[in-house]
Each structure stands twice: as structure tokens, then as C-alpha cells.
Amino acid sequence: MTVTVVGGGRLGRPLARALRAAGAVVHGPMMRGETVPSADVVLLCVTDGEIAGAADMLHGSAALIGSVSGANPLAELDVDFGWHPLQTFVGDEGPDAFRGIGCAIAGKSVDALAVAQQLADLLGAHAFPVADDQRAAYHAAASIASNFTVTLLAAAENVAAGAGLTPAEARALLAPLVRRTIENWAVRGPEAALTGPVSRGDERTVTRQRDAIAGRSPEVLPLFDVLCESTRGLAKKGRATA
Ligand SMILES: NC(=O)c1ccc[n+]([C@@H]2O[C@H](COP(=O)([O-])OP(=O)(O)OC[C@H]3O[C@@H](n4cnc5c(N)ncnc54)[C@H](OP(=O)(O)O)[C@@H]3O)[C@@H](O)[C@H]2O)c1
């Protein structure tokens, strides 16, 4: 299979690297303004707002055009298949970065869907179908799991300054806690993974934590309050099912 990767950003670079290492003949990643060589498949790894323009320019240069966008329903894109890796990429990942991850696929034809499946198989990713009417919910789940985790950890880093920790110290000390928490959630589910004062019904400690945050990082309070409430609900659910 010959594949042209268009867009050399955070996803395009590791994707081209991984496809090449897996034995595909890969052109690119092609940067803006470069002539795109013809191939069996073109994978558009451009920003979402650029997909329509890029797809328009590419018709005729490939048998099939795919998009890696997670957000857009396939029917709204002028491409043949969707291929969204359920992972976060910053650009410097190695060739194994796709091994074992999920990959949401969709196709406008049987052939296009088969190619999306083949690409996932080639990289060792687990392909699963996502229909257009499920795409927004699928993408929201991915954003909550990945993007909002980062927002939450940035808040923890901020609050940790009140304990005299620099951001780098906070990240080094909190990272093992975060990794174990995520591992427990993945293996046991949310109710069993939940520990801490809210799950123990220790509201005195929660109030003490809240006061400390109000004093040093008041901008974090709305997030703290809403998450305490949500966590109380989860703890209640855990007790009901225990
Ligand atoms: N990063 C992730 O974790 C991730 C994960 C799953 C899916 N995705 C999907 O991957 C796509 C790209 O995201 P990204 O995070 O890689 O974005 P990004 O880092 O901003 O990279 C986008 C790249 O596309 C280039 N580009 C834009 N228009 C182009 C055109 N017409 N021709 C050639 N190159 C063009 C940009 O070049 P310029 O700098 O010149 O604008 C930039 O290098 C999005 O659809 C996103 O949903 C990303």
C-alpha cells in the first residue's frame, strides 16, 4: 500500500513514521504548499478547518482519501473514510505509538472501510466502528478523558504551590498517584477506584481542603466544588452497589 500523509503536525509526523516502520511506502508528511504525490491512500492530518480545502485539491491524486479528524461526521467531509486514533500525540512519538490503541473507523463504501481497517491492522491498533450519529458523544468522551484530565492536573499543580512545591516538583510527585489511579479505574471501574475523604464521607477534611484552596488558589474553587459534588454521587453509587 502506498500512503501519502498530508500535514506534518502533532499527529501527521508520528503517523508517517509508524506507517513507514510497518512497511508501507509513505510519502510525507507533506507540508502546506508541497505537491502531493499520487498514492493508493491519502491521509489528511490537517487541522479540522483545512480538511475541506485540502480534500478538494487532492481528488484524483489517490484512490481513497481518509481523514483523521475525530470531531466531524463523515457525511460532512468530502473524504472516503474516517480514521481517528484514540490517543493523544504531541509529535515526537516512536513508531509503536499506535500499537494497542483504539481507532475509530467509518467508511462511505465497503472498500473504504476495508482500507481503514487495514491501516489499523498494519499499525497494531484496535479498529472499531463509530456511526455519524454517535460521533459527537464518542469525541466528547475522548475529550473528557484526555483534555480535561490535563486541565485537572494543571489545577492540582496550581494548588500544590500552596504546599511549597514548584510545578516540576508537583508533577514528579503527583504523577505516580495519577498513573495508579488511572490503572485502578481502567481495571476495576470508577466506584472501586475511588478513595479519599469524599468517598469516606469525611466532610471535615473536605472543608479543610476547600479553605486551603480558597486562600491560595481561589480560581480553582468552582472546579473543586463541582467535582466534590460529582464525587459524592459516585461514592453514593459505589455504596449502593457494594
Ligand atoms: N494530536 C492529537 O493528539 C490527535 C489525535 C487524534 C486525531 N487528531 C486529528 O489530527 C488532525 C490534526 O491535528 P494535529 O493535532 O496534528 O494538529 P497540528 O499539530 O496543528 O497539525 C496540523 C498540521 O496540518 C498542517 N496543515 C494545515 N493545512 C494544511 C494543508 N492544506 N496542507 C498541508 N498541511 C496543512 C499544518 O501546517 P501549518 O503549521 O502550516 O498550518 C500543521 O502542520 C485533526 O483533525 C485532529 O482532530 C489529532
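V41 counts as buried because 24 C-beta neighbours lie inside 10 Å of it. A residue is called buried if 20 or more other C-beta atoms lie within 10 Å of its own, exposed if 12 or fewer, and partly exposed in between, with C-beta atoms placed from the backbone. This is a predicted model, in which local features need pLDDT of at least 70 and side-chain atom pairs count only at pLDDT 80 or more, while totals for chains, interfaces and linings use all residues. Residues are numbered from 1 along each chain as its sequence is written.

You will find V41 in strand β3 (residues 39-44). Helices (H or I, at least four residues) and strands (E, at least two) are DSSP runs, numbered from the N terminus. Leaving aside neighbours within four places in sequence, V41 is in contact with M1, V3, A62, A63, L64, G66 and V115; contact here requires that the two C-beta atoms, placed from the backbone, lie within 7 Å. L153, by comparison, is 112 residues from V41 in sequence and 39 Å from it in space, C-alpha to C-alpha.

## The nonpolar core

The largest nonpolar core has 44 residues, and those with the most contacts inside it are V5, V6, L43, L44, C45 and F81. Such a core is a set of buried Ala, Val, Leu, Ile, Met, Phe, Trp, Tyr and Cys residues joined through C-beta atoms within 7 Å. Helix α3 (residues 110-123) gives the largest share of this core, 6 residues. In soluble globular proteins, nonpolar side chains tend to be buried together.

Which residues does L44 touch beyond its neighbours within four places in sequence? L44 is in contact with V6, G7, I51, A54, A55, I65, G66, S67, V68 and V79. At the other end of the story is L123, a residue of helix α3. D96 lies 27 residues from L123 in sequence and 7.6 Å from it in space, C-alpha to C-alpha.

## Two helices, covered and open

Helix α1 (residues 12-21) is mostly covered, with 8 of its 10 residues buried. These are G12, R13, P14, L15, A16, R17, A18 and L19, and what covers them includes β1 (2-6), β2, β3 and α3. Just after α1, G23 takes a positive phi of about 105 degrees.

Helix α8 (residues 203-216) has 14 residues and reaches 20 Å from its first C-alpha to its last, close to the 20 Å expected at 1.5 Å a residue; the expected span is 1.5 Å times one less than the number of residues. Of those 14 residues, the number buried is 1, so α8 lies largely in the open.

## A cis peptide bond

G28 and P29 are joined by a cis peptide bond, with omega about 10 degrees. P29 lies in strand β2 (residues 25-30). Most residues other than glycine have a negative phi, and most peptide bonds are trans.

## Around the ligand

Of the 24 residues around the ligand, G7, G9, R10, E50 and S69 come nearest; a residue counts as near if its C-beta atom, placed from the backbone, lies within 6 Å of the molecule. The elements giving two or more residues to this shell are α2 (51-58) and β5 (81-85). By class, the shell has 10 nonpolar, 10 polar and 4 charged residues. Ala, Val, Leu, Ile, Met, Phe, Trp, Tyr, Cys and Pro count as nonpolar, Asp, Glu, Lys and Arg as charged, and the others, Gly among them, as polar.

## Domains and overall layout

The chain is divided into domain 1 (2-130) and domain 2 (136-241), with bounds from an automatic or database domain assignment. Their centres, taken over C-alpha atoms, are 35 Å apart. The contact takes 6 residues from domain 1 and 4 residues from domain 2, and the domain 1 side has 4 nonpolar, 2 polar and no charged residues.

R135 lies in helix α4 (residues 135-160) and counts as buried, with 22 C-beta neighbours inside 10 Å. Beyond its neighbours within four places in sequence, R135 is in contact with P73 and V130.

Stepping back, the chain has 9 helices and 7 strands, and its C-alpha trace spans about 65 × 40 × 30 Å along its principal axes. Buried residues make up 26% of the 242 residues.
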